[in-house]
Amino acid sequence: MSGVIALGRGDPDLPTPEHIVEAAKRAIDEGVDEDSDPGGLLELREAIRDKLGRENGVVVEPDGVVVTTGGQEGLFLLVQTILDPGDEIIVPDPRYTSYDVAIQMAGGVMVSVPTVEADGFDLHPRDVEKAITPRTKAILLVSPGNPTAGTITPTNLVGIAELARQHDLLVISDEIYEKLLYDGAEHLSIGSLPGMAERTITLNGFSKAYCMTGWRIGYLAGPPSIMRRVRELKALCSAAAPIVSQRAGIAALTGPQDAVEEYRLIYQGRRRIMLDALDRMGFTYGEPRGAFYIWVNASSVGMDSIDLSYKLLEEANVLAFPGTGFGEQWVDYMRIAYLAPEDELTEALTRMERCFRP
(Lines give C-alpha, C1' and ligand atoms only; values in the text may rest on other atoms or scores of the structure.)
Protein backbone atom coordinates (compact mmCIF):
# COMPACT_ATOMS: atom_id res chain seq x y z
CA MET A 1 0.00 0.00 0.00
CA SER A 2 2.51 2.57 -1.20
CA GLY A 3 0.28 5.03 -3.08
CA VAL A 4 -1.48 8.11 -1.77
CA ILE A 5 -4.27 7.39 0.71
CA ALA A 6 -7.03 9.99 0.40
CA LEU A 7 -8.58 11.13 3.65
CA GLY A 8 -10.07 14.28 2.23
CA ARG A 9 -13.11 13.10 0.33
CA GLY A 10 -16.65 13.51 1.61
CA ASP A 11 -18.33 10.68 -0.32
CA PRO A 12 -19.08 7.38 1.46
CA ASP A 13 -16.87 4.50 0.37
CA LEU A 14 -19.39 1.80 1.33
CA PRO A 15 -21.75 0.23 -1.24
CA THR A 16 -25.34 1.24 -1.80
CA PRO A 17 -27.53 -1.37 -0.01
CA GLU A 18 -28.50 -4.20 -2.33
CA HIS A 19 -32.28 -3.79 -2.07
CA ILE A 20 -31.92 -0.21 -3.31
CA VAL A 21 -29.81 -1.32 -6.27
CA GLU A 22 -32.36 -4.04 -7.08
CA ALA A 23 -35.19 -1.50 -7.06
CA ALA A 24 -33.28 0.58 -9.62
CA LYS A 25 -32.73 -2.49 -11.80
CA ARG A 26 -36.45 -3.27 -11.69
CA ALA A 27 -37.25 0.29 -12.67
CA ILE A 28 -35.00 -0.02 -15.71
CA ASP A 29 -36.51 -3.40 -16.67
CA GLU A 30 -40.05 -2.06 -16.32
CA GLY A 31 -39.25 1.12 -18.26
CA VAL A 32 -38.40 4.57 -17.00
CA ASP A 33 -40.32 6.65 -19.50
CA GLU A 34 -43.06 7.46 -16.98
CA ASP A 35 -43.90 11.10 -16.47
CA SER A 36 -42.87 12.73 -13.22
CA ASP A 37 -43.97 16.04 -11.79
CA PRO A 38 -40.89 18.32 -11.60
CA GLY A 39 -41.34 18.10 -7.84
CA GLY A 40 -40.92 14.33 -7.90
CA LEU A 41 -42.98 11.15 -8.05
CA LEU A 42 -45.97 11.26 -5.72
CA GLU A 43 -45.00 7.90 -4.23
CA LEU A 44 -41.57 9.24 -3.26
CA ARG A 45 -42.97 12.49 -1.90
CA GLU A 46 -45.40 10.48 0.21
CA ALA A 47 -42.54 8.29 1.48
CA ILE A 48 -40.60 11.45 2.42
CA ARG A 49 -43.67 12.84 4.20
CA ASP A 50 -44.03 9.59 6.16
CA LYS A 51 -40.32 9.48 7.02
CA LEU A 52 -40.30 13.07 8.30
CA GLY A 53 -43.37 12.49 10.42
CA ARG A 54 -42.19 9.16 11.81
CA GLU A 55 -38.53 9.95 12.46
CA ASN A 56 -38.37 13.72 12.82
CA GLY A 57 -41.75 14.83 14.09
CA VAL A 58 -42.00 17.19 11.12
CA VAL A 59 -45.48 17.52 9.63
CA VAL A 60 -45.52 18.13 5.90
CA GLU A 61 -47.75 17.09 3.01
CA PRO A 62 -46.61 15.86 -0.44
CA ASP A 63 -47.20 19.32 -1.94
CA GLY A 64 -44.64 20.61 0.56
CA VAL A 65 -41.93 18.27 -0.78
CA VAL A 66 -39.69 18.79 -3.81
CA VAL A 67 -37.39 15.96 -4.89
CA THR A 68 -34.11 17.39 -6.15
CA THR A 69 -31.22 16.12 -8.23
CA GLY A 70 -29.04 15.79 -5.16
CA GLY A 71 -28.67 17.97 -2.08
CA GLN A 72 -26.44 20.39 -3.98
CA GLU A 73 -29.25 21.31 -6.33
CA GLY A 74 -31.64 21.50 -3.40
CA LEU A 75 -29.59 24.07 -1.53
CA PHE A 76 -29.08 26.12 -4.69
CA LEU A 77 -32.77 26.16 -5.65
CA LEU A 78 -33.86 27.03 -2.14
CA VAL A 79 -31.45 29.92 -1.70
CA GLN A 80 -32.45 31.38 -5.08
CA THR A 81 -36.08 31.07 -4.06
CA ILE A 82 -36.05 32.68 -0.62
CA LEU A 83 -33.39 35.39 -0.94
CA ASP A 84 -33.82 38.73 -2.71
CA PRO A 85 -30.82 40.98 -3.42
CA GLY A 86 -29.60 42.50 -0.18
CA ASP A 87 -31.31 39.95 2.09
CA GLU A 88 -29.06 38.63 4.84
CA ILE A 89 -28.76 34.99 5.83
CA ILE A 90 -27.01 33.89 9.02
CA VAL A 91 -24.56 31.04 8.39
CA PRO A 92 -22.53 29.07 10.98
CA ASP A 93 -18.79 29.17 10.42
CA PRO A 94 -16.89 27.06 9.37
CA ARG A 95 -19.28 25.85 6.73
CA TYR A 96 -19.71 23.92 3.51
CA THR A 97 -18.86 26.66 1.04
CA SER A 98 -21.34 25.68 -1.68
CA TYR A 99 -23.71 27.87 0.30
CA ASP A 100 -21.42 30.84 -0.29
CA VAL A 101 -21.79 30.55 -4.05
CA ALA A 102 -25.55 30.02 -3.94
CA ILE A 103 -26.05 33.03 -1.66
CA GLN A 104 -23.82 35.21 -3.84
CA MET A 105 -25.69 34.22 -7.00
CA ALA A 106 -28.99 35.16 -5.34
CA GLY A 107 -27.59 38.58 -4.45
CA GLY A 108 -27.87 37.75 -0.75
CA VAL A 109 -25.47 38.69 2.01
CA MET A 110 -23.93 35.94 4.13
CA VAL A 111 -23.49 36.86 7.79
CA SER A 112 -21.11 34.40 9.46
CA VAL A 113 -21.42 33.30 13.08
CA PRO A 114 -18.16 31.70 14.23
CA THR A 115 -18.25 28.51 16.30
CA VAL A 116 -15.42 27.21 18.47
CA GLU A 117 -13.54 24.01 19.20
CA ALA A 118 -14.02 24.19 22.98
CA ASP A 119 -17.70 23.25 22.80
CA GLY A 120 -17.61 21.03 19.72
CA PHE A 121 -18.55 23.84 17.32
CA ASP A 122 -22.08 24.09 18.71
CA LEU A 123 -24.16 27.09 17.59
CA HIS A 124 -25.37 29.32 20.41
CA PRO A 125 -28.54 31.44 20.32
CA ARG A 126 -26.71 34.40 21.90
CA ASP A 127 -24.31 34.51 18.92
CA VAL A 128 -27.13 34.14 16.41
CA GLU A 129 -29.05 36.97 18.07
CA LYS A 130 -26.07 39.31 17.78
CA ALA A 131 -26.03 38.71 14.01
CA ILE A 132 -29.70 39.57 13.42
CA THR A 133 -30.41 42.90 11.70
CA PRO A 134 -33.49 44.40 10.02
CA ARG A 135 -32.28 42.85 6.75
CA THR A 136 -32.03 39.29 8.10
CA LYS A 137 -34.24 36.90 6.11
CA ALA A 138 -33.12 33.44 7.19
CA ILE A 139 -30.91 31.33 9.43
CA LEU A 140 -29.01 28.33 8.10
CA LEU A 141 -28.52 25.37 10.44
CA VAL A 142 -26.35 22.36 9.57
CA SER A 143 -26.38 19.56 12.14
CA PRO A 144 -24.33 17.41 12.20
CA GLY A 145 -21.99 19.81 10.46
CA ASN A 146 -19.50 19.69 7.63
CA PRO A 147 -16.55 20.12 8.15
CA THR A 148 -16.67 20.21 11.96
CA ALA A 149 -18.71 17.02 12.64
CA GLY A 150 -20.25 19.03 15.47
CA THR A 151 -23.94 19.07 16.34
CA ILE A 152 -26.28 21.81 17.49
CA THR A 153 -27.54 20.66 20.87
CA PRO A 154 -31.32 20.48 21.42
CA THR A 155 -31.24 23.25 24.03
CA ASN A 156 -29.58 25.62 21.59
CA LEU A 157 -31.98 24.65 18.81
CA VAL A 158 -34.91 25.56 21.05
CA GLY A 159 -33.31 28.96 21.68
CA ILE A 160 -32.68 29.54 17.97
CA ALA A 161 -36.29 28.59 17.20
CA GLU A 162 -37.46 31.25 19.65
CA LEU A 163 -35.33 33.84 17.83
CA ALA A 164 -36.76 32.77 14.45
CA ARG A 165 -40.32 33.19 15.72
CA GLN A 166 -39.56 36.48 17.47
CA HIS A 167 -37.95 38.04 14.38
CA ASP A 168 -40.15 36.28 11.78
CA LEU A 169 -37.23 34.51 10.10
CA LEU A 170 -37.07 31.49 7.83
CA VAL A 171 -34.85 28.57 8.85
CA ILE A 172 -33.01 26.22 6.48
CA SER A 173 -32.24 23.00 8.35
CA ASP A 174 -29.62 20.92 6.53
CA GLU A 175 -29.95 17.45 8.05
CA ILE A 176 -28.05 15.35 5.52
CA TYR A 177 -25.91 13.70 8.25
CA GLU A 178 -28.75 13.15 10.73
CA LYS A 179 -28.34 9.36 10.93
CA LEU A 180 -24.60 9.48 11.62
CA LEU A 181 -24.34 10.28 15.34
CA TYR A 182 -21.98 9.01 18.05
CA ASP A 183 -21.46 8.98 21.82
CA GLY A 184 -25.07 9.67 22.66
CA ALA A 185 -25.41 12.80 20.53
CA GLU A 186 -29.05 13.73 19.86
CA HIS A 187 -30.63 14.95 16.65
CA LEU A 188 -33.57 17.33 16.85
CA SER A 189 -35.33 18.65 13.76
CA ILE A 190 -36.12 22.29 14.40
CA GLY A 191 -39.16 22.02 12.15
CA SER A 192 -40.80 19.81 14.78
CA LEU A 193 -40.80 22.57 17.42
CA PRO A 194 -43.91 24.68 18.10
CA GLY A 195 -44.51 27.39 15.52
CA MET A 196 -41.61 26.25 13.31
CA ALA A 197 -43.30 24.11 10.63
CA GLU A 198 -44.50 27.22 8.78
CA ARG A 199 -41.02 28.79 8.68
CA THR A 200 -38.65 25.81 8.35
CA ILE A 201 -37.37 24.16 5.16
CA THR A 202 -35.67 20.82 5.76
CA LEU A 203 -32.89 19.85 3.36
CA ASN A 204 -31.96 16.18 3.23
CA GLY A 205 -31.08 13.38 0.86
CA PHE A 206 -29.84 9.85 0.39
CA SER A 207 -26.12 10.22 -0.29
CA LYS A 208 -24.75 9.94 3.25
CA ALA A 209 -27.06 7.56 5.14
CA TYR A 210 -27.66 5.22 2.18
CA CYS A 211 -24.29 5.67 0.40
CA MET A 212 -26.01 7.00 -2.73
CA THR A 213 -23.78 9.93 -3.69
CA GLY A 214 -23.73 9.12 -7.39
CA TRP A 215 -27.48 8.57 -7.58
CA ARG A 216 -28.08 12.34 -7.29
CA ILE A 217 -31.28 12.32 -5.26
CA GLY A 218 -32.24 14.66 -2.44
CA TYR A 219 -35.22 16.64 -1.22
CA LEU A 220 -36.56 19.82 0.32
CA ALA A 221 -39.61 19.88 2.59
CA GLY A 222 -41.38 22.90 3.98
CA PRO A 223 -44.27 25.33 3.61
CA PRO A 224 -46.20 24.66 0.37
CA SER A 225 -46.05 28.36 -0.62
CA ILE A 226 -42.23 28.22 -0.70
CA MET A 227 -42.08 24.74 -2.20
CA ARG A 228 -44.30 25.79 -5.10
CA ARG A 229 -41.72 28.43 -6.05
CA VAL A 230 -38.87 25.93 -5.64
CA ARG A 231 -40.74 23.50 -7.89
CA GLU A 232 -41.21 26.18 -10.57
CA LEU A 233 -37.50 26.97 -10.52
CA LYS A 234 -36.58 23.28 -10.68
CA ALA A 235 -38.87 22.83 -13.69
CA LEU A 236 -36.87 25.52 -15.47
CA CYS A 237 -33.44 24.24 -14.38
CA SER A 238 -33.56 20.47 -14.69
CA ALA A 239 -37.15 19.17 -14.63
CA ALA A 240 -37.66 15.98 -12.60
CA ALA A 241 -34.88 14.06 -10.91
CA PRO A 242 -34.03 10.81 -12.76
CA ILE A 243 -36.83 8.27 -12.43
CA VAL A 244 -34.39 5.42 -11.69
CA SER A 245 -32.97 7.36 -8.77
CA GLN A 246 -36.44 8.28 -7.54
CA ARG A 247 -37.45 4.61 -7.55
CA ALA A 248 -34.26 3.81 -5.65
CA GLY A 249 -35.15 6.54 -3.15
CA ILE A 250 -38.54 4.95 -2.52
CA ALA A 251 -36.82 1.65 -1.78
CA ALA A 252 -34.36 3.39 0.56
CA LEU A 253 -37.10 4.96 2.67
CA THR A 254 -39.62 2.11 2.65
CA GLY A 255 -37.28 -0.90 2.67
CA PRO A 256 -35.05 -2.42 5.38
CA GLN A 257 -33.00 0.07 7.39
CA ASP A 258 -30.45 -2.43 8.74
CA ALA A 259 -27.66 -1.19 6.48
CA VAL A 260 -27.93 2.36 7.83
CA GLU A 261 -27.06 1.21 11.35
CA GLU A 262 -24.49 -1.29 10.05
CA TYR A 263 -22.69 1.49 8.21
CA ARG A 264 -22.91 3.86 11.20
CA LEU A 265 -21.20 1.25 13.35
CA ILE A 266 -18.45 0.86 10.73
CA TYR A 267 -17.88 4.62 10.77
CA GLN A 268 -17.93 4.59 14.56
CA GLY A 269 -15.13 2.01 14.63
CA ARG A 270 -13.04 3.99 12.15
CA ARG A 271 -13.67 7.16 14.14
CA ARG A 272 -12.26 5.54 17.27
CA ILE A 273 -9.13 4.42 15.42
CA MET A 274 -8.58 7.92 14.09
CA LEU A 275 -9.20 9.72 17.38
CA ASP A 276 -6.80 7.42 19.25
CA ALA A 277 -4.07 8.09 16.68
CA LEU A 278 -4.65 11.85 16.65
CA ASP A 279 -4.43 11.85 20.45
CA ARG A 280 -1.09 10.04 20.27
CA MET A 281 0.20 12.62 17.79
CA GLY A 282 -0.78 15.50 20.06
CA PHE A 283 -3.58 17.00 17.99
CA THR A 284 -6.66 18.65 19.44
CA TYR A 285 -10.03 18.80 17.67
CA GLY A 286 -13.64 19.66 18.22
CA GLU A 287 -15.70 16.77 19.58
CA PRO A 288 -16.86 14.94 16.42
CA ARG A 289 -20.42 14.04 17.39
CA GLY A 290 -21.61 13.17 13.88
CA ALA A 291 -20.90 12.73 10.15
CA PHE A 292 -17.55 11.10 9.21
CA TYR A 293 -15.00 13.87 9.63
CA ILE A 294 -12.59 15.18 12.24
CA TRP A 295 -11.94 18.96 12.25
CA VAL A 296 -8.35 18.83 13.42
CA ASN A 297 -6.51 21.78 14.95
CA ALA A 298 -3.22 21.88 12.99
CA SER A 299 -1.90 24.68 15.20
CA SER A 300 -1.94 22.27 18.16
CA VAL A 301 1.22 20.75 16.67
CA GLY A 302 2.69 24.13 15.71
CA MET A 303 1.69 24.29 12.02
CA ASP A 304 -1.00 25.79 9.86
CA SER A 305 -3.20 23.48 7.83
CA ILE A 306 -1.70 24.37 4.45
CA ASP A 307 1.84 23.51 5.56
CA LEU A 308 0.60 20.42 7.37
CA SER A 309 -1.33 19.23 4.31
CA TYR A 310 1.80 19.56 2.17
CA LYS A 311 3.88 17.77 4.80
CA LEU A 312 1.43 14.84 5.01
CA LEU A 313 1.20 14.54 1.24
CA GLU A 314 4.95 14.77 0.58
CA GLU A 315 6.25 12.78 3.54
CA ALA A 316 3.41 10.35 4.27
CA ASN A 317 1.49 10.04 0.99
CA VAL A 318 -1.69 11.02 2.86
CA LEU A 319 -4.14 13.54 1.41
CA ALA A 320 -6.23 15.73 3.75
CA PHE A 321 -8.06 19.02 3.18
CA PRO A 322 -6.76 22.34 4.57
CA GLY A 323 -9.37 24.25 6.53
CA THR A 324 -9.20 27.16 4.09
CA GLY A 325 -11.51 25.15 1.83
CA PHE A 326 -14.26 25.90 4.36
CA GLY A 327 -13.53 29.59 4.90
CA GLU A 328 -10.20 31.31 4.32
CA GLN A 329 -9.85 32.27 7.99
CA TRP A 330 -9.71 28.59 9.05
CA VAL A 331 -6.04 28.17 8.21
CA ASP A 332 -5.37 26.62 11.64
CA TYR A 333 -7.69 23.65 10.99
CA MET A 334 -7.93 20.78 8.55
CA ARG A 335 -10.64 18.26 7.71
CA ILE A 336 -9.74 14.58 7.81
CA ALA A 337 -12.34 12.03 6.73
CA TYR A 338 -12.43 8.40 7.79
CA LEU A 339 -13.90 7.17 4.53
CA ALA A 340 -11.47 4.34 3.88
CA PRO A 341 -11.35 0.67 4.95
CA GLU A 342 -9.79 0.10 8.36
CA ASP A 343 -6.56 -1.33 6.94
CA GLU A 344 -6.04 1.74 4.72
CA LEU A 345 -7.01 4.07 7.53
CA THR A 346 -4.60 2.39 9.94
CA GLU A 347 -1.82 2.55 7.36
CA ALA A 348 -2.48 6.25 6.74
CA LEU A 349 -2.39 7.04 10.44
CA THR A 350 0.81 5.02 10.89
CA ARG A 351 2.43 7.07 8.13
CA MET A 352 1.24 10.28 9.77
CA GLU A 353 2.64 9.24 13.14
CA ARG A 354 6.06 8.70 11.58
CA CYS A 355 6.03 12.38 10.51
CA PHE A 356 5.76 13.49 14.13
CA ARG A 357 8.24 11.19 15.79
CA PRO A 358 11.20 13.04 17.34
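The legends below describe close-up views of pockets, cavities, nonpolar cores, cysteines and backbone features in a predicted model. Local features in this predicted model need pLDDT of at least 70 and side-chain atom pairs count only at pLDDT 80 or more, while totals for chains, interfaces and linings use all residues. Residues are numbered from 1 along each chain as its sequence is written, and side-chain values use heavy atoms, with hydrogens and water left out.

**View 1. The largest pocket, with a volume of about 390 Å³.** A pocket is an open set of points, on a 1 Å grid over the protein atoms alone, with protein on both sides within 12 Å along at least five of seven lines; its lining residues have an atom within 4 Å of a point. Grid points are joined across faces, edges and corners, and a volume is the space filled by probe spheres set on the points. The lining comprises 23 residues, and Gln72, Tyr96, Tyr177, Ser207 and Lys208 are those nearest the pocket centre. Two or more lining residues come from each of α3 (71-82) and β7 (200-205). The greatest contribution, three residues, is that of α3. Helices (H or I, at least four residues) and strands (E, at least two) are DSSP runs, numbered from the N terminus. By class, 10 lining residues are nonpolar, eight are polar and five are charged. In this classification Ala, Val, Leu, Ile, Met, Phe, Trp, Tyr, Cys and Pro count as nonpolar, Asp, Glu, Lys and Arg as charged, and the others, Gly among them, as polar.

**View 2. The second largest pocket, with a volume of about 160 Å³.** Its lining consists of Ala23, Arg26, Ala27, Glu30, Gly31, Glu34, Arg247, Ile250 and Ala251. The elements giving two or more of these residues are α1 (18-30) and α8 (243-254). With four residues, α1 provides the largest share of the lining. Four of the lining residues are nonpolar, one is polar and four are charged.

**View 3. The largest cavity, holding about 160 Å³ of space.** A cavity is a set of grid points where a 1.4 Å probe fits but cannot get out. The structure has three cavities of 30 Å³ or more. Around the largest cavity stand 17 lining residues, of which Pro92, Pro94, Val142, Gly145 and Thr148 lie nearest the centre. This lining divides into 10 nonpolar, six polar and one charged residues.

**View 4. The second largest cavity, with a volume of about 60 Å³.** The lining is formed by Lys51, Ile176, Glu178, Lys179, Asn204, Gly205, Ala209, Tyr210, Tyr219 and Leu253. Five of these residues are nonpolar, two are polar and three are charged.

**View 5. The largest nonpolar core, a set of 40 residues.** A nonpolar core is a set of buried Ala, Val, Leu, Ile, Met, Phe, Trp, Tyr and Cys residues joined through side-chain atoms within 4.5 Å. Buried means under 20% relative accessible area, exposed over 50%, and partly exposed in between (1.4 Å probe, protein chains only). Leu7, Tyr267, Met274, Leu278 and Ile336 have the most contacts inside this core. At least two core residues are supplied by each of α9 (258-281), β10 (293-297), α10 (305-316), β13 (333-337) and α11 (342-355). The largest share, eight residues, belongs to α9. Leaving aside residues up to four places away in sequence, Met274 is in contact (heavy atoms within 4.5 Å) with Leu7, Ile294, Ile336, Ala337, Tyr338, Leu345 and Leu349. A second, separate core has 26 residues, including Phe206, Ile217, Ala248 and Leu253.

**View 6. Two cis peptide bonds, Ser143 to Pro144 and Asn146 to Pro147.** Omega is about -10° for the bond between Ser143 and Pro144, and near 20° for that from Asn146 to Pro147. Pro144 is placed in the loop between β5 (136-142) and α6 (154-167). Pro147 likewise lies in the loop between β5 and α6.

**View 7. Positive phi at Asp183 and Ala291.** Asp183, although not a glycine, has a phi of about 55°. Its place is in the loop between β6 (170-174) and β7, and Asp183 is exposed at 57% relative accessible area. For Ala291 phi is near 60°. Ala291 belongs to the loop between β9 (284-285) and β10 and is buried, with 0% relative accessibility.

**View 8. Cysteines Cys211 and Cys237.** Cys211 is buried, at 7% relative accessible area, whereas Cys237 is partly exposed, at 46%. Zero disulfides (pairs of cysteine sulfur atoms within 2.5 Å) are found in the whole structure.
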